[in-house]
Amino acid sequence: MKRLFPLFIIDLLFSVVMLSSCTNDDNAVTPAEPGVYTIDMAVDAQRETSKSTRGIENNSNFDVNYDPDTIYLHQKDGNGVLAFPLYSYTNSEGQQCNKGFRYRIEVKEDGSATITPIDSTYNYLETSLELSSGAEVYFSSLESDDWTLPDEQITDSGDYTLYLRKNDINKEIYRSAADFSITDLTTSGPVVIHRACAAFNLVGLFYDGEELGSLDEEEGGYASLTDDKFTEIMGSDPSTWYIKIITGGPAFTNQYDLSSQQSTGDREGGYYSSGDSDLFEQGSEDANKYLPLTNRNYNYSPDIMLQGFGYYTRTGNQLFTPVTGGEAHVYIRIKHWTGSGEPTDEWLLDDTGALQTEVDMGGTTVPANNSFHIYGLLMDIRQFQSAWESAGGDAAANATRSTGGVRTFTLKDAKVVCETF
């Protein structure tokens, strides 16, 4: 396989609330003076109002907005959490804050403190939190310290653990980039909020290699694989071909502690499959079915657009999940329906008869939280046709349904997509 894109990383930090400077573990924290402090915390970024963006600027980047209407303060010893509603207000200097929050913090002689939210009409809320002397806290978008994939979203699929997405769990989550002391909470200043999850786009696309080869790299252009050309090469309409892309491995976990920013899962190393956008938007669990090839575009280079058949994650259908610093693996599986009418659910859920290749991303690939990843493969349709026939074609696919098993293939000139933003 040939790498299409080099792996590059753009550090994505964005400031969404004006807090204090973070605690430096290498230096002693100067205790705050006893007294009462009233603090404004402002959200400066304009919030996207378009539902379709789901926190995504384009199809390969996070936006700079903190989207939830609440932010939670967590005491890191596990002794309490406090919710702050976010709202628009004008600060003491007459500046308009599009989203922010206020609180009162009383620091006591023994170094402990009581923190109480203030609402948009300057009234104290009835909730407050006692912070012990020397406490460290962090802010996040989750009320719990733990992001947890429920048991009903975990199943065993052959020789691997399968994670099923659901939009109320697999969503963007946020955490302050640093922890804060009581002293920090009494002083206004900037803070960086990170996404405590990664986002993934998956791509598996068949293209016309002859069309691509006819284009001048500098002049650019549009390399199109038509329905007729696909049918001519493969001997059947693209609507009879189905794809599943699987990503997972050591980087993925079923439980993640936002306090320690480490995995606490007991079913680590699972895999997600390419998701049905309708199911995700409806709030249903992914069904882990093979999906029909669809007509999709992909930017092969700044000046060349590929139009082909396959799967490419639609905007709003990205996989959101915390990752833990381990490796990620990606597999492409292709099936061909040769029966009458539409394939059955049983066939769409069954891997036997599929042709599989692992995406060789050039060594260890370690996704990171607060980053946006695009993984997958661009495949010349003529090379795939040869691989399909070399693996026995439809006859071998049908035979494996009685014997079990997934066949494998490798394309010598497959173009690997491995990008990190």
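**Asparagine 370 is placed in the loop that joins strand 28 (355-358) to strand 29 (372-380).** Helices (H or I, at least four residues) and strands (E, at least two) are DSSP runs, numbered from the N terminus. The model is predicted: local features need pLDDT of at least 70, side-chain atom pairs count only at pLDDT 80 or more, and totals for chains, interfaces and linings use all residues. Residues are numbered from 1 along each chain as its sequence is written, and side-chain values use heavy atoms, with hydrogens and water left out. Although asparagine 370 is not a glycine, its phi is positive, at about 70°. With a relative accessibility of 5%, asparagine 370 counts as buried; here buried means under 20% relative accessible area, exposed over 50%, and partly exposed in between, for a 1.4 Å probe and protein chains only.

**Asparagine 288 occupies the loop between helix 4 (277-282) and strand 23 (291-292).** This asparagine is a residue other than glycine with a positive phi, near 60°. Its relative accessibility of 8% places asparagine 288 in the buried class.

**Proline 292 belongs to strand 23.** The relative accessibility of proline 292 is 38%, and the residue counts as partly exposed. Beyond its neighbours within four places in sequence, proline 292 is in contact with Trp241, Tyr242 and Gly310, where contact means heavy atoms within 4.5 Å. Histidine 336 is 44 residues from proline 292 along the chain, and 9.6 Å separates their C-alpha atoms.

**Helix 3 (residues 227-234) has Phe230, Ile233 and Met234 as its buried residues.** Viewed down the helix axis, these buried residues fall within an arc of 85°, so they line one face of helix 3. The arc is taken over the directions from the helix axis to the C-beta atoms. An α-helix has 3.6 residues a turn, so residues three or four places apart point the same way. The other side of helix 3 carries Asp228 and Glu232, both exposed. Packing of the buried residues of helix 3 is against strand 17, strand 19 (241-248), strand 25 (304-312) and helix 6 (381-390).

**One cavity of 30 Å³ or more is present in the structure.** The space in the largest cavity amounts to about 80 Å³. Thirteen residues form its lining, and those closest to the centre are Leu202, Ser273, Ser274, Gly275 and Leu319. Strand 17 (198-207) and strand 22 (271-273) are the elements that give two or more residues to this lining. By residue class, the lining of the largest cavity comprises five nonpolar, seven polar and one charged residue. On a 1 Å grid over the protein atoms alone, a cavity is a set of points where a 1.4 Å probe fits but cannot get out, and lining residues have an atom within 4 Å of a point. Grid points are joined across faces, edges and corners, and the volume is the space filled by probe spheres set on the points. Ala, Val, Leu, Ile, Met, Phe, Trp, Tyr, Cys and Pro count as nonpolar, Asp, Glu, Lys and Arg as charged, and the others, Gly among them, as polar.

**Leucine 131 is part of strand 9 (residues 129-131).** The relative accessible area of leucine 131 is 2%, and the residue is buried. Apart from neighbours within four places in sequence, its contacts are Leu73, Gln75, Ser112, Ala113, Ile115, Val137, Ile182 and Leu185. Threonine 114, 17 residues from leucine 131 in sequence, lies 6.0 Å away in space, C-alpha to C-alpha.

**Aspartate 168 sits in the loop between strand 13 (160-163) and strand 14 (174-176).** Its relative accessible area is 43%, and aspartate 168 is partly exposed. The C-alpha atoms of aspartate 168 and serine 284 are separated by 9.3 Å, while the two residues are 116 apart along the chain.

**Cysteine 197 and cysteine 418 are both buried.** Cysteine 197 has a relative accessible area of 0%, and cysteine 418 has one of 1%. With a disulfide taken as a pair of cysteine sulfur atoms within 2.5 Å, the count is zero disulfides.

Of its 421 residues, 54% count as buried. Among the contacts with a separation of 6 or more, 73% join residues 24 or more positions apart.

Note on methods: On a 1 Å grid over the protein atoms alone, a cavity is a set of points where a 1.4 Å probe fits but cannot get out, and a pocket is an open set with protein on both sides within 12 Å along at least five of seven lines; lining residues have an atom within 4 Å of a point.
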